[in-house]
Amino acid sequence: MAALFRGCRNFYKRSHKHVELTLVSCSRSMASKTPVGFIGLGNMGTPMARNLLKHGYPVIATDVFPESCKELQDSGAQILDCPAEVADKADRIITMLPSSPNVIEVYTGSNGILKKIKKGTLLIDSSTIDPSVSKEMAIAAEKMGAVFMDAPVSGGVGAASLAKLTFMVGGVEEEFNAAQELLTCMGATVVYCGQVGSGQAAKICNNMLLAIGMIGTAETMNLGIRLGLDPKLLAKILNMSSGRCWSSDTYNPVPGVMEGVPSANNYQGGFGTLLMAKDLGFAQDTATSNRTPIPLGSLAHQIYRAMCAGGYSNKDFSSVFQFLREEGVQ
């Protein structure tokens, strides 16, 4: 009789667990069909939001520039007038904005997300901003009963279009799976980095190395060309040798070496010089506050600031090659 009882009890536990798992799965499936808000439809935001649509998520979006919304609207998204209206209709919202002031305005401004946010809303910010601002937004969201996570990206416009971005996520670990469900629609890699702000910290470190690497590649290619080497041949040699890096084999800064990169299109599109200067400024500020030496990072910051002053702000950051070429001619 005891054995029979134990068998019945175990069967009940297994059945009960199965019911719980089924309910969770149903709940998640139903949640997946609810609208996702998306704010910020620039070079990165538009392809990211489009990939959500491709995965079957209804998207409710807005942008400060109405003309930026047309492409996504044509793809099936609902366009609203302001972030507050998006927050009123969606309990999962992704933001992709240019700077810290933009993030502060979109979240806490007079028509911001927090004006009409619902309790339990998941907020994912994929902007690259000051980590301290991410922490401020998390506190403000928590006061409204919402959850804020920072999830900046790496990969550029090409990776955004192909859903191959890398997301670096900071926030409450228990909410990571919920964020990951959406982020995997837009990226190939989603990494949990720790508490709020840690995603931004990882992104700042990555972009500092990216800038240093791009400058090094541009200098190397420029010197080789001046020494009479064919640029395609030099790039081939570098990419078979120990000097190989992302800037040389995937995003070469020399016009004519590669197709499908900004250098092949007069440095249009891609990741702007002004944005790179901004990110290097974050690296400089955080390094100073943490008393961490970054001599090459500081020099890279100076170079990109000089580029901005010299009219390169709206060109892709790989235009540092063109900048160095022009500097050498003077």
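# Notebook: looking through a predicted model

**Entry 1, the whole chain.** I began with contacts (heavy atoms within 4.5 Å) and found that, among those in the protein chain between residues at least 6 apart in sequence, 63% join residues at least 24 apart. I noted that this is a predicted model, in which local features need pLDDT of at least 70 and side-chain atom pairs count only at pLDDT 80 or more, while totals for chains, interfaces and linings use all residues. Residues are numbered from 1 along each chain as its sequence is written, and side-chain values use heavy atoms, with hydrogens and water left out.

I then looked up the secondary structure, which comes to 14 helices and nine strands in the protein chain; helices (H or I, at least four residues) and strands (E, at least two) are DSSP runs, numbered from the N terminus. Of the 330 residues in the protein chain, 46% are buried, where buried means under 20% relative accessible area, exposed means over 50%, and partly exposed lies in between (1.4 Å probe, protein chains only). The protein chain exposes about 16700 Å², and carbon and sulfur atoms supply 57% of that area; the accessible areas come from the Shrake-Rupley method with a 1.4 Å probe, and for residues only the protein chains shown count as cover.

I checked the length of α6 (residues 131–143), whose 13 residues should span 18 Å at 1.5 Å a residue, and its end C-alpha atoms are 19 Å apart, which agrees. The expected span is 1.5 Å times one less than the number of residues in the helix.

Which residues of α6 are buried? I listed Pro131, Val133, Ser134, Met137, Ala138 and Ala141. They cover an arc of only 150° around the axis, so they sit on the same side of α6; the arc is that of the directions from the helix axis to the C-beta atoms. What covers these buried residues includes α5 (100–108), β5 (122–125), β6 (147–150) and α9 (198–226).

At the N-terminal end of α6 I found a cap, where a side-chain oxygen of aspartate 130 lies 2.9 Å from the backbone nitrogen of serine 132. This belongs with the polar contacts, which are pairs of N or O atoms within 3.5 Å; within protein, one must be able to donate a hydrogen and the other to accept it, and residues adjacent in sequence count only if both atoms are side-chain atoms. Just after α6, glycine 145 takes a positive phi of about 80°.

The side chain of glutamine 200 reaches the backbone nitrogen of isoleucine 129 at 3.0 Å. Leaving aside neighbours within four places in sequence, I found glutamine 200 in contact with residues including Pro131, Ser134, Asp125 and Asp150.

In α10 (residues 231–239) the buried residues are Leu234, Ala235 and Leu238. They cover an arc of only 100° around the axis, which puts them on the same side of α10. On the other side of α10, Lys232 and Lys236 are exposed, and what covers the buried residues includes α9. At the start of α10, a side-chain oxygen of aspartate 230 reaches to within 3.1 Å of the backbone nitrogen of lysine 232.

How many aromatic pairs does a search of the whole structure find? I wrote down seven, pairing rings of Phe, Tyr and Trp (its six-membered ring) if their centres lie within 6.5 Å, with planes under 30 degrees apart counted as stacked, over 60 as edge-to-face and the rest as tilted. Tryptophan 246 and tyrosine 251 form a stacked pair, 4.7 Å centre to centre with 20° between the planes. Tryptophan 246 is partly exposed at 36% relative accessible area, whereas tyrosine 251 counts as buried at 13%. Trp246 and Tyr251 form one aromatic cluster with Phe271, Tyr304 and Phe317.

Last, I looked in the loop between α11 (246–249) and α12 (273–289), where asparagine 266 is found. Phi of asparagine 266 is near 55°, a positive value in a residue other than glycine, and asparagine 266 is partly exposed at 47% relative accessibility. Tyrosine 267 also lies in the loop between α11 and α12, and phi of tyrosine 267 is near 60°. Is tyrosine 267 buried or exposed? I found tyrosine 267 buried, with a relative accessible area of 2%.
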